[in-house]
Amino acid sequence: QVQLVESGGGWVQAGGSLRLSCAASGRTFNRYAMGWFRQAPGKEREFVAAINWDSRTYYADSVKGRFTISRNNARNTVYLQMNSLNPEDTAVYYCAAGQVMLLTTGYDYWGQGTQVTVSS
């Protein structure tokens, strides 16, 4: 069982930056693929970024070049650095963990989410 706790969300003006963190429980964090997803009001949850156990990364086209996913296995934490934010990035951001890096919502474990609001 893995528990995930996101933090770092908040309010920011367009063009600003935020860094989200996701702290994971468990001893085998370094074996998990980790993902970030987001869900805006009235929309489906969508893929944002993922990082594999070997640190390979993948990004949605909408965030490529602006967001960076990284992990610190010693701290059981995955990060999402978000730069050049725009109002379309406003959503609840969720952290996910699983055995396989996926670009869909098929991960095994999910956090509760953290709200990100970008004002114009």
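Mentor: Contact here means heavy atoms within 4.5 Å. This is a predicted model, in which local features need pLDDT of at least 70 and side-chain atom pairs count only at pLDDT 80 or more, while totals for chains, interfaces and linings use all residues. Residues are numbered from 1 along each chain as its sequence is written, and side-chain values use heavy atoms, with hydrogens and water left out.

Leaving aside neighbours within four places in sequence, Leu 4 is in contact with residues including Cys 22, Ala 24, Met 34, Cys 95, Ala 97, Tyr 109 and Trp 110. Leu 4 also belongs to the largest nonpolar core, which has 36 residues, and is listed with Met 34, Trp 36, Leu 80, Met 82 and Tyr 93 as having the most contacts inside that core. Such a core is a set of buried Ala, Val, Leu, Ile, Met, Phe, Trp, Tyr and Cys residues joined through side-chain atoms within 4.5 Å, where buried means under 20% relative accessible area with a 1.4 Å probe, counting protein chains only. Among the elements that give two or more residues to this core are strand 3 (18-24), strand 4 (33-39), strand 8 (77-82) and strand 9 (91-98).

As for the whole, the chain has zero helices and 11 strands, these being DSSP runs (H or I, at least four residues, for helices; E, at least two, for strands) numbered from the N terminus. Buried residues make up 44% of the 120 residues, and residues 24 or more positions apart account for 57% of the contacts with a separation of 6 or more. Along its principal axes the C-alpha trace spans about 40 × 25 × 25 Å.

Notes
Buried < 20%, exposed > 50% of the residue type's maximum accessible area, 1.4 Å probe, protein only.
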